[in-house]
Amino acid sequence: MNTSDLWERVVDNIKSSITPEAYSLWISPLKPLNFENNIFTLEVPNIYFSQWIVNNHQKNIETILSNSHGQPVTLEMKPQQDISSIIKIVGDTPEHIDNNNAPIIQKDQINPKYIFSGFIVGASNRFAHGCAEVVAKNPGKQFNPLFMYSGVGLGKTHLLHAIGNYIKQTTPNLKTLYATCEKFVTDYIESIRFDNTASIKRKYRDLDCLLIDDIQFLVGKEASQEEFFHMFNTLSTSEKQIVIVSDRPPKELEGIEERLISRLEWGIIADIQPPDLETRIAILHKKAEEERLYVPDDVILYIATQVKSNIRQLEGSLLKVTAFSLFTGTPLTVDSAQRILRDVIKPDGSAHITIENIQKVVADDFNIDMRDMKSKRRTDAIAFPRQIAMYLSRTLTDEFSTNAIGNAFGGRDHSTVMHACNKIKEKMNSDPYFNSKINQIIKKIRSME
């Protein structure tokens with residue numbers, strides 16, 4: 001009997017003896033690795049899963065394995081994740097995530113962490129991403145200059161570094177420089193101070209590609225604007241690539257000379273909007289994969305629906321809930337995520353969402369009577385939309401307990417609500433089309449805020 005067959009027997013036995021919620025939290029993430037020399041090795045997400053198995057099911061699992069194999073079998077567990085670095089996040093993550101903190105980068109250097117394959121593309125950023133790829137593949141040939149702008153934490157700096165990394169990898173002979181505008185101003189001041197203006201000209205004008213971050217830092221700095229204007233003209237005349245990012249479009253850069261604004265508008269201007277729900281979910285899934293984190297889908301959906309306008313805060317929230325869960329050894333659920341993020345997520349997001357609104361949107365979507373949400377009817381055509389509404393009531397709201405949700409659905413109890421939530425979670429995990437439908441329903445609910 002092979003490894004998979006042995007584990008299947010174990011799973012079938014355990015599944016019938018524990019609640020669906022416990023199975024989903026603790027057993028579903030486990031993966032059989034190998035079976036050699038009467039040792040069955042099981043991959044677990046982290047040491048807390050190992051501890052739970054040891055305390056609750058190790059003897060039972062070893063008995064099932066031994067009976068199936070015909071010889072005594074020992075269970076060993078291999079944590080997939082070294083949690084020491086993740087636990088460190090608990091101490092490093094502030095209670096309030098600062099949306100204004102820029103990603104950590106080394107001055108004058110292109111951060112190798114930011115590449116195109118690591119950038120999640122959605123409707124909100126597809127144009128900017130496409131322009132960035134064109135520039136990276138043909139520097140100086142099209143879209144010159146490329147001006148990208150967005151609010152804080154939406155990926156413009158990621159794209160800026162991705163351009164630099166692509167050029168360094170594919171055409172390493174080209175001279176490419178990344179610099180913040182603040183660094184440019186500092187270099188200019190230093191060149192004046194030490195009477196060495198030739199140094200800044202050599203650094204910034206003898207390039208094939210210049211990547212400038214946070215151009216808004218030039219506002220009000222007339223002398224620096226003058227130097228930047230001449231540098232821009234030199235590079236542009238020589239058909240060298242210029243990429244500039246900002247927190248606002250050129251015309252809103254008050255305090256910058258009109259002639260420089262005109263130069264910034266010569267090429268392509270691409271904005272990046274806050275990501276939609278599907279993109280936020282994709283970003284969280286990718287971050288979890290990169291960090292090798294086990295995060296249930298309903299927790300990812302909860303974070304994605306609560307944190308809407310800042311990708312850094314989105315990823316930071318994911319790391320924070322995971323770190324606290326690992327640190328305390330408690331399972332990661334929507335309830336625990338709500339508690340952990342209560343100081344990060346502003347209450348105005350979910351306060352406008354009511355169970356009644358959720359019921360109305362779901363009832364309309366499935367073309368059933370609103371009264372059926374509270375009725376005793378159990379036909380699939382009624383029960384299934386009702387379960388969806390229960391699941392969304394638990395995922396999209398903070399203030400309602402499972403008992404309160406049950407009461408809003410005709411006096412149903414905690415176990416009925418949890419059964420509904422687990423059923424919808426399982427279907428979302430296995431059916432991408434259903435997952436997409438749920439996201440569309442969430443959008444409709446959000447539009448009622």
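Buried means under 20% relative accessible area, exposed means over 50%, and partly exposed lies in between, with a 1.4 Å probe and protein chains only. Helices (H or I, at least four residues) and strands (E, at least two) are DSSP runs, numbered from the N terminus.

This is a predicted model, in which local features need pLDDT of at least 70, side-chain atom pairs count only at pLDDT 80 or more, and totals for chains, interfaces and linings use all residues. Residues are numbered from 1 along each chain as its sequence is written, and side-chain values use heavy atoms, with hydrogens and water left out.

**Strand S6 and its sheet**

Cys209, Leu211 and Asp213 point one way from S6, while Leu210 and Ile212 point the other way. All are buried. Because 5 of the 5 residues of S6 are buried, the strand is largely enclosed by the rest of the structure.

S6 belongs to an open sheet of 5 strands with parallel pairing, in the order S5-S6-S7-S4-S8. Two strands pair if DSSP finds at least two bridges between them. The edge strands are S5 and S8 (268-272), and each pairs on one side only. From one strand to the next, the twist averages 15°.

S5 and S6 run parallel and are joined by 5 bridges; alanine 179 has isoleucine 212 in S6 as its bridge partner. S6 and S7 pair in the parallel sense over 4 bridges, and leucine 211 stands opposite valine 243 in S7. Strand S4 (residues 146-150) pairs with S8, also in the parallel sense, over 5 bridges. There, leucine 146 stands opposite isoleucine 268 in S8.

H10 packs on the sheet and touches S6 and strand S7 (241-246). Its direction makes about 140° with that of S7. Axes here are lines fitted to C-alpha atoms, for helices over the stretch in contact, and angles run from 0 to 180 degrees between N-to-C directions. Contact means heavy atoms within 4.5 Å.

**Helix H8**

Helix H8 (residues 181-193) has 13 residues. From its first C-alpha to its last it reaches 18 Å, close to the 18 Å expected at 1.5 Å a residue. That expected span is 1.5 Å times one less than the number of residues.

Which residues of H8 are buried? They are Cys181, Phe184, Val185, Asp187, Tyr188 and Ser191. Seen down the axis of H8, the buried residues fall within an arc of 160°, so they line one face of the helix. The arc is that of the directions from the helix axis to the C-beta atoms. These residues pack against strand S5 (176-180), helix H9 (197-205), strand S6 (209-213) and helix H10 (222-237).

Serine 191 lies in H8. At 2% relative accessibility, this serine counts as buried. Leaving aside its neighbours within four places in sequence, serine 191 is in contact with Asn196, Thr197, Ser199 and Ile200.

**Backbone exceptions**

Most residues other than glycine have a negative phi, and most peptide bonds are trans.

| Residue | Phi |
|---|---|
| Asparagine 38 | about 60° |
| Aspartate 195 | about 50° |
| Asparagine 367 | about 55° |

Asparagine 38 sits in the loop between strand S1 (31-36) and strand S2 (39-44). With a relative accessible area of 25%, asparagine 38 is partly exposed. Asparagine 367 is in the loop between helix H17 (355-366) and helix H18 (380-396); at 71% relative accessibility, asparagine 367 counts as exposed.

A cis peptide bond joins asparagine 144 and proline 145, with omega about 0°. Proline 145 is in the loop between helix H6 (126-137) and S4.
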